[in-house]
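Have a look at the model first, then read on.

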Amino acid sequence: MLELANYINGKHVPAASRKVLPIIEPATGLQYSTVPDSDAVDVDQAVAAAKTAFPAWSAISSHQRSQHLLRLADLIDANVDALARAESIDTGKPLSLARSIDIPRSAANFRFFATAILHTASELHDFDGGGIPGGVPAINYTLRKPRGVAGLISPWNLPLYLLSWKIAPALATGNAVVCKPSEVTPVTASMLGDLASQAGIPAGVLNVVHGTGGSAGAALVQHDDVPAISFTGSTRVGQWIGEHCGARSKRTSLELGGKNPFIVFADADLPKALETAVRAGFTNQGQVCLCGSRLLLHESIAAEFLKEFVARVAALRIGDPLEPSTQQGALTSEAHFHKVVSMVDQARELGGRVLCGGSPLAKSDLPTRCKSGFFFRPTVIEGLSPSCVVEQEEIFGPVVTVQTFSTDEQAIALANCTRYGLAATLFTQNLSRAHALASQLDAGIVWVNCWMVRDLRTPFGGVKQSGVGREGGLEALKFFTEPKNVCISV
Ligand code: NAD
């Protein structure tokens with residue numbers, strides 16, 4: 001049995017209370033690890049360590065910080081097999097996905113921000129007095145200072161990938177961090193602590209405190225010595241965090257849920273749209289915030305497109321995540337599995353027609369080791385009202401619903417009819433239509449004729465209830481720094 005520890009001040013330590021939580025392998029349903037069930041006492045220790053380490057870390061040159069983070073990226077690459085296997089066992093995702101996406105992109109995140117800080121400069125504004133009576137010419141320059149100790153809270157679907165997306169810009173800009181990974185998938189964050197030590201990152205600069213959101217997470221959010229919280233997770237928790245950070249005037253970045261439309265027009269490259277729609281719907285068993293979970297089809301192509309889409313979804317190979325040929329693994333927790341089952345049951349009650357899937361995978365179809373795992377068959381549902389709960393609320397599982405439209409206006413109305421606004425995808429060969437829709441869709445990210453193409457320089461985040469603020473590129477560098485304007489009369 002693996003026994004994970006917190007990583008505080010460069011050391012692996014248990015929770016002060018010695019309490020632990022069980023960690024279950026989703027593919028087997030069996031416990032294989034424990035993780036500290038930390039509380040405010042452990043968070044206090046981690047914040048104190050980070051606060052002590054901050055002055056020296058922020059004072060070294062950006063070149064030195066860059067070197068540390070590049071070493072960490074190299075170490076992630078060197079350990080890709082071990083990290084990918086750990087991520088697959090912890091989350092239930094196919095090993096091939098962890099090996100090709102999660103871990104390489106974690107290394108890429110560190111490399112990106114390690115080099116970004118070498119190429120940014122302070123802003124300068126040359127002021128001519130503005131023509132205002134008494135206005136004097138001046139030069140303004142804006143310094144950007146690290147905020148201090150940043151609290152980073154992440155979810156279970158892309159554990160190391162999403163945490164590194166926060167750690168890298170925070171450390172690169174000179175902050176010290178306290179991370180609170182998901183209590184459901186804590187293993188790779190623990191491994192990162194070791195790699196940070198090997199990379200020579202000084203003790204206290206990067207701390208990892210495990211535990212539940214209600215205990216360790218809430219203590220971090222409410223800690224007076226943590227002026228910035230970067231959170232990725234559900235809209236419900238994000239709203240709670242937003243309220244508590246607002247009351248304490250903390251800087252807050254909230255990356256929340258999505259219910260993303262995937263729109264296919266009659267003039268689309270249909271083979272490419274089909275292949276992409278299957279990936280967008282079911283990558284990581286549909287447990288990606290960007291998944292295209294609402295398929296919107298032009299009525300003239302709907303029947304034929306849907307027939308082929310369902311055939312491809314039904315053919316996805318579901319099984320042991322550690323098998324190289326597996327395309328669909330297990331859902332990440334038993335609680336989440338039951339949520340998905342309940343949403344599909346509700347869809348049936350609301351008149352939805354299940355075109356494929358719709359139930360857990362039969363035990364007889366699973367290898368012996370996986371018979372108690374949380375496997376749900378990839379599911380496509382049509383015939384629901386766009387306003388019903390299944391069409392409106394995030395399922396975050398292998399479930400895609402289908403609607404049809406006849407005009408561009410209808411497509412936009414359907415796409416925009418939920419409280420979310422994270423990502424939207426559209427397939428069309430008509431350039432004017434693509435530009436017009438891209439500007440009218442309620443989404444922080446619009447993909448045209450592609451899905452999940454990530455340029456790390458671009459702003460990443462959602463509108464409406466999908467979030468507040470943006471990550472990525474300059475946005476992240478700005479979030480983790482405080483601007484200070486200096487005005488010099490000339
Ligand atoms: P969650 O909100 O339940 O938990 C996320 C993290 O917050 C976990 O570490 C959890 O322990 C912690 N937490 C819970 N309550 C807390 C509290 N009161 N104070 C502080 N921390 C607390 O989300 P989840 O179930 O782990 O992840 C799935 C959700 O994440 C989905 O809604 C998905 O859309 C969203 N998500 C969004 C993005 C994005 O970039 N927008 C990316 C991935 C996942």
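A polar contact here is a pair of N or O atoms within 3.5 Å; inside the protein, one atom must be able to donate a hydrogen and the other to accept it, and residues adjacent in sequence count only if both atoms are side-chain atoms. This is a predicted model, where local features need pLDDT of at least 70, side-chain atom pairs count only at pLDDT 80 or more, and totals for chains, interfaces and linings use all residues. Residues are numbered from 1 along each chain as its sequence is written, and side-chain values use heavy atoms, leaving out hydrogens and water.

- Glu183 puts a polar side-chain atom 2.6 Å from an oxygen atom of the ligand.
- Ala218 has a backbone N or O atom 3.4 Å from a nitrogen atom of the ligand.
- Gly233 has a backbone N or O atom 3.4 Å from an oxygen atom of the ligand.

**The shell**
- In total, 29 residues surround the ligand (a heavy atom within 4 Å), and the closest are Lys180, Glu183, Ser234, Leu256 and Glu394.
- They split into 16 nonpolar, 9 polar (Gly counts here) and 4 charged (Asp, Glu, Lys and Arg).

**Where the shell comes from**
- Helix H7 (213-221), strand E11 (228-232) and helix H8 (235-247) each supply at least two shell residues (DSSP runs, at least four residues for helices and at least two for strands).
- H7 gives the largest share, 4 residues.
- Domain 1 (2-256 + 466-489) and domain 2 (261-455), with bounds from an automatic or database assignment, both give shell residues, so the ligand lies between them.
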